[in-house]
Amino acid sequence: MQFGLSEEQVLLQDNVNRFLDDHASLNAVRDYAAGGEDAALWQGLTELGVSGLLISEDAGGVAMNALDAAIVAEALGYHAAPGPFLGSAVMAPTALQLADPTNTLLAELASGTTRIGIAFNEAIGRRAGAAVEVSGGNINGKSLFAFDSEADAYLVADAHQHLYLISANAPGLSRTHLTTIDKTRRTVELTYTNAQATLVSNNPSVFFQTLDIGRIMLAADTLGAAQNMLDQAVAYAKQREQFNRPIGSFQAVKHMCAEMAAQLEPCRAMVWFAAHATNELPDEARLTACHTKAHLSEVGKFVAKTATEVHGGMGFTDLLGLHYWFKRCGSNRQWLGSPELTREEAAAIQGLI
Amino acid sequence: MDLSFGPEYEEFRQTVRSFIAEHGEKSPRNAALRSPEALQWQKMLIENGYTARTIPKEYGGYGGTPNMLHSRIIAEEFADARLNPGLGGQGISMLVPTLLEVGTQAQKEQFIKPTINGEMIWCQGYSEPGAGSDLASLTTSAVLDGDEWIINGQKIWTSTAQLADWIFCLVRTEPDAPKHRGISFLLFEMSTPGIEVRPLIDMTGAANFNEVFFTDVRVPKQQIVAQRGEGWAVANAVLSHERDSLGNPNATLLRLNALIELMKTETVGGNRLIDHPVYRDRLMQLQGRVMAMRFNDLRILSSRLNKDQDARLARMIVKLQGTELRHDLEGMAIDIMGEVGLSYEDNPYTRSGGSWQNQYMYFLGLIIGGGTSQIQKNIISERGLDLPREPKIEKSA
Ligand SMILES: Cc1cc2nc3c(=O)[nH]c(=O)nc-3n(C[C@H](O)[C@H](O)[C@H](O)COP(=O)(O)OP(=O)(O)OC[C@H]3O[C@@H](n4cnc5c(N)ncnc54)[C@H](O)[C@@H]3O)c2cc1C
């Protein structure tokens, strides 16, 4: 029995973190937030094998598992790094592979030459004005907050949990940038007018497996982002002095830090378990994915607020950049189902509704 | 990542299951300490290695080699079958492990066997009116007079002192030493002349803890564990055994399942509580927290089996998180039952034998006892996160 990361996984974690320390520094994040590009960063991650993480070796990937992907997601969250990881390296390959392992797009995803985004909201929590209607291979309507803005194609889900692929250049598709509070990732509105869409899968199980792994990645991203904020808060509390003593010697501050650690530490095991369940424990996978997404969202919100408070006015400034992580936790919370919605799903999965 | 225990362990699990199938019926429910059912069950469990499993045979245990997974499987199977897992209490869970670590041969021979058999009941005499969280400032004194210690002072919050045969007690033996180095760990009989036990009624209405007064209590010199002045270190070893046993996530899971059942049967306005979206969401929030603590517990178990795995912080937060979670869980049952949730004792509307109210209060006691939640946060921040220690203020003369 071994519940934890293997040696190879620790190595993967170190490699990705080291790469991101160099290439996704706070300055790099700022550049991206100010309108910069993420292509070079994604290219670098592709060279580390990140784009092909979940893709079979036959299709040019490295055939690792959801836990490996969660390790990468955590590192990306720790650095608030931009990039199409969630769609292109996780959700799209998961769906395509489940539907048809011989799909040639898989090789393009693995090599990083194609980016596939995701437009799932209309299947999870459709908002007013949005809708996806597909008939006779044509798609009409609108997807909100699709991710990401640079994708070459989108994996679109409709209310029947069918998945379609639509090229970003398809006639009848228009794409508009939607500014959100989280400037480390860019979302778009997709408007479809008789655009051509290819059916990927009409099997709800493909949809749910894709959704679940996406949710686990968001939870892992929050784990990393919140851990970073806690680390920054603890470091600041040791160094900042008031009343002739480090603020970290005041119990109010110490207890804020302890409370963050106490809530966050079990989240690590939770993300590990949920990722492991995705591959190995099908009976538990759906429930743990929903709960992990919801629970990490709650803890992430608490840590984001509390770590900011530990920094006093400095936490509120742009100068320190802490707000990038604050907002990252905030958007992870809403993406692919907010906590209330995912908990309702968790209840349904157990037959409690 | 490998969650399986392996085939040899599955075989062991089957052995445990057949024992349960054959003998489970004899498991006593709510048996009083020292009752014949409880003692017989305990005896059978020890003989079969289901409790006191790793305690050497010569001290009355089963004599099994320590194996975390065997212990885990036994705990899981007994919990699943809702069987009494054997006697607990401060003697068995705290004193016995301590004696095994630092006791003399004579002490081990004298105390361990009757304690694990349930024939010798202990209480823990640490806290004093003036020394709670700041336990090291305790003042109960023990002065050596020939071959005997003479003890004077007072303890408080001493659980089960009214029933105990013996006490393990912290006393100040070196008044001139720094406060942590002047403490010794003594064992003595509660029937010794000069001991007075006065029950204290707690918020549940029962008198589970007591004040204990010592007036010239004479105790044989050799009834000290470890050396003079080493009591603080011994006590800390005991406390770590205590904290390990609090906030058990498997027990919490059983209570969560009981809460789900309650919500399926209880109604408000004719609707099942589980069908009430707000209550259901609160339930799901708790289920998420319970899950996180269960997986945290798996990680801790794994770190004990795989020494290169670090789970220090994961362990440090268990008492804080586990007791608060359990208190919230019990409290939720009361909330969703409204006034019915207030029913207690002989009220005919009382549900589940009053256990929700009882456990709600009991876990508040555990939040306070054994190092309060605030003290846990001090420990997490200072030892876990390496934040600066509190500035020390010396007592003015
Ligand atoms: C149900 C129950 C059973 C018990 N059983 C036993 C037993 O069998 N044997 C035994 O010896 N003791 C027992 N205790 C005592 C228990 O260990 C103490 O109550 C506990 O250590 C707290 O001490 P205190 O009650 O003196 O509170 P205090 O130490 O006076 O604490 C009061 C408040 O001040 C806070 N506080 C104190 N110091 C600090 C600090 N440094 N930083 C921040 N906050 C602080 C506390 O967190 C608490 O909120 C039991 C207690 C309970 C509730």
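Buried area is the accessible area, found with a 1.4 Å probe, that two parts lose on being put together, summed over both. The legends below describe close-up views of a predicted model.

**View 1. Domain 1 and domain 3 of chain B.** The domain assignment divides chain B into domain 1 (7-87), domain 2 (122-229) and domain 3 (247-384). About 640 Å² is buried between domain 1 of chain B and domain 3 of chain B, and carbon and sulfur atoms give 69% of this area. Met68(B), Leu69(B) and Arg72(B) supply 70% of the area that domain 1 of chain B buries against domain 3 of chain B, more than any other three residues. The contact joins 5 residues of domain 1 of chain B to 6 residues of domain 3 of chain B. The C-alpha centres of these two domains are 25 Å apart.

**View 2. Domain 1 and domain 2 of chain A.** In chain A the assigned domains are domain 1 (7-114), domain 2 (117-202) and domain 3 (205-349). Domain 1 of chain A gives 21 residues to its contact with domain 2 of chain A, which gives 15 residues. Between them, these two domains of chain A bury about 1400 Å², with 68% of it on carbon and sulfur atoms. Taken over C-alpha atoms, the centres of domain 1 of chain A and domain 2 of chain A are separated by 22 Å.

**View 3. The shell around the ligand.** The site is shared between chains, because residues from chains A and B surround the ligand. There are 19 residues around the ligand, and those that come nearest are Gln251(A), Ser127(B), Ser133(B), Trp157(B) and Thr372(B). By type, the shell holds 5 nonpolar residues, 14 polar residues and no charged residues. In chain B, domain 2 (122-229) and domain 3 (247-384) each give at least three residues to the shell.

View 4. A nitrogen atom of the ligand lies 2.8 Å from a backbone N or O atom of Gln124(B). Ser127(B) places a polar backbone atom 2.8 Å from an oxygen atom of the ligand. For Gln374(B), a polar side-chain atom lies 2.8 Å from an oxygen atom of the ligand. The ligand taken alone exposes 970 Å², and the protein buries 66% of that. Strand 3 (148-159), helix 11 (355-368) and helix 12 (373-384) of chain B are the elements that give two or more residues to the shell around the ligand.

Key:
Residues are numbered from 1 along each chain as its sequence is written. Chains are lettered from A and ligands numbered from 1 in the order in which they are written. This is a predicted model: local features need pLDDT of at least 70, side-chain atom pairs count only at pLDDT 80 or more; totals for chains, interfaces and linings use all residues. Side-chain values use heavy atoms; hydrogens and water are left out. A residue is near a molecule or strand if one of its heavy atoms lies within 4 Å of it. A polar contact is a pair of N or O atoms within 3.5 Å; within protein, one must be able to donate a hydrogen and the other to accept it, and residues adjacent in sequence count only if both atoms are side-chain atoms. Accessible areas come from the Shrake-Rupley method with a 1.4 Å probe; for residues, only the protein chains shown count as cover. Helices (H or I, at least four residues) and strands (E, at least two) are DSSP runs, numbered from the N terminus. Ala, Val, Leu, Ile, Met, Phe, Trp, Tyr, Cys and Pro count as nonpolar, Asp, Glu, Lys and Arg as charged, and the others, Gly among them, as polar. Domain bounds come from an automatic or database domain assignment. Contact means heavy atoms within 4.5 Å.
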